[in-house]
Protein chains: 2
Amino acid sequence: MIVRIAELEIDPQYLREYTALLSEEIEASIALEPGVLMLHAVSIKGSGETIRILEAYADQAAYESHLGTPHFLKYKTLTANMVRSLALLETDPICLSTKPGFSYGGPRVRLEK
Amino acid sequence: MIVRIAELEIDPQYLREYTALLSEEIEASIALEPGVLMLHAVSIKGSGETIRILEAYADQAAYESHLGTPHFLKYKTLTANMVRSLALLETDPICLSTKPGFSYGGPRVRLEK
């Protein structure tokens, strides 16, 4: 499994558009890609243009496949001029635990077990 | 909902013991507390003593209740001398999405839907 933290700074004038595009991309990735396990995006309170995304992929192949999907390419293309900086921090997971059925972000396509 | 990022630096000599205690505390919190929605702990690769935890609680009451539970108090007491620094970053969630049944960290008590 690959787990990382993406640290982004967004141009404040595009923040609303950026978060909508990011949410759409996250929901599509979790719904459609078996190897995308978790995508959790938050902004730092009082500094809404500072975004952190905790990401988990089954393996390197799943991540590379993700980069070629239509929903990721749409997100990447449409947000290219909105992102001022992007850093990826590789991590080692210690313990990742979620209540069954937990999600946040409004209606989305749901995968059933 | 309350979502935050905890940033910790651990004394390297206690790292193994610390991560075991943290994992135990996370698993108990998710299994036993209705208002603890998500606890995801990772260490930064190449800097194992740098820990990030993404936390979600149903509301302030759930968080305060969490602070008084036996498993949290055990963790807090036993790790007090292992934690060199702790910062809590308040966040606004954008989109939090996980594959059904996703978890990492070995066997644990599971809540069934």
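In the predicted model, the buried residues of α1(B) are covered by elements that include β4 of chain A together with β1, β2, α2 (60–67) and α3 (70–79) of chain B. The buried set in α1(B) comprises B:Tyr18, B:Thr19, B:Leu22, B:Ser23, B:Glu25, B:Ile26, B:Glu27, B:Ala28, B:Ser29 and B:Ile30. An α-helix has 3.6 residues a turn, so residues three or four places apart point the same way. With 18 residues, α1(B) reaches 26 Å from its first C-alpha to its last, close to the 26 Å expected at 1.5 Å a residue.

In it, 8 strands close in the order β1(A)-β3(A)-β2(A)-β4(B)-β1(B)-β3(B)-β2(B)-β4(A), with antiparallel pairing. On average, and with direction ignored, neighbouring strands of this sheet are turned by 35° against each other. Within chain A, β1(A) and β4(A) run antiparallel and are joined by 8 bridges; A:Ala6 stands opposite A:Leu88 of β4(A). Helix α1 (residues 15–32) of chain B packs on the sheet, where it touches β4 of chain A as well as β1 (2–10), β2 and β3 (47–57) of chain B. The direction of α1(B) makes about 80° with that of β4(A).

Two further antiparallel pairings lie within chain B. Strands β1(B) and β3(B) are joined by 8 bridges, and B:Arg4 is found opposite B:Glu55 in β3(B). Between β2(B) and β3(B) there are likewise 8 bridges, with B:Ala41 opposite B:Ile53 in β3(B). The hairpin of β2(B) and β3(B) has 2 residues between the strands, and B:Gly46 in this hairpin takes a positive phi near 85°.

Pairing also crosses from one chain to the other. Strand β4(A) and strand β2 (residues 36–44) of chain B pair in the antiparallel sense over 7 bridges, and A:Ser97 stands opposite B:Leu39 in β2(B). The contact between the chains takes 40 residues from chain A and 40 residues from chain B. On the side of chain A that touches chain B, at least two residues each come from β1 (2–10), α1 (15–32), β2 (36–44), β3 (47–57) and β4 (83–98) of chain A. The most is given by β4(A), with 10 residues. By class, this side of chain A has 22 nonpolar, 11 polar and 7 charged residues.

Chain A is superposed on chain B by a rotation of 180° with 0.0 Å of shift along its axis, at an RMSD of 0.0 Å. This relation is that of a two-fold axis. Of the residues of chain A, A:Pro100 comes closest to the rotation axis, its C-alpha lying at 3.5 Å. The same surface serves both copies, as 100% of the contact residues of chain A recur in chain B.

In helix α3 (residues 70–78) of chain A lies A:Leu78. This residue is classed as partly exposed because 15 other C-beta atoms lie within 10 Å, whereas a buried residue requires 20 or more and an exposed one 12 or fewer. The C-alpha atoms of A:Leu78 and A:Val3 are separated by 25 Å, the two residues being 75 residues apart along the chain.

Definitions and conventions: Residues are numbered from 1 along each chain as its sequence is written. Chains are lettered from A and ligands numbered from 1 in the order in which they are written. This is a predicted model: local features need pLDDT of at least 70, side-chain atom pairs count only at pLDDT 80 or more; totals for chains, interfaces and linings use all residues. Two residues are in contact if their C-beta atoms, placed from the backbone, lie within 7 Å. Helices (H or I, at least four residues) and strands (E, at least two) are DSSP runs, numbered from the N terminus. Ala, Val, Leu, Ile, Met, Phe, Trp, Tyr, Cys and Pro count as nonpolar, Asp, Glu, Lys and Arg as charged, and the others, Gly among them, as polar. Two strands pair if DSSP finds at least two bridges between them. Copies are superposed by least squares on the C-alpha atoms of residues with pLDDT of at least 70 in both. Axes are lines fitted to C-alpha atoms, for helices over the stretch in contact, and angles run from 0 to 180 degrees between N-to-C directions. The expected span of a helix is 1.5 Å times one less than its number of residues.
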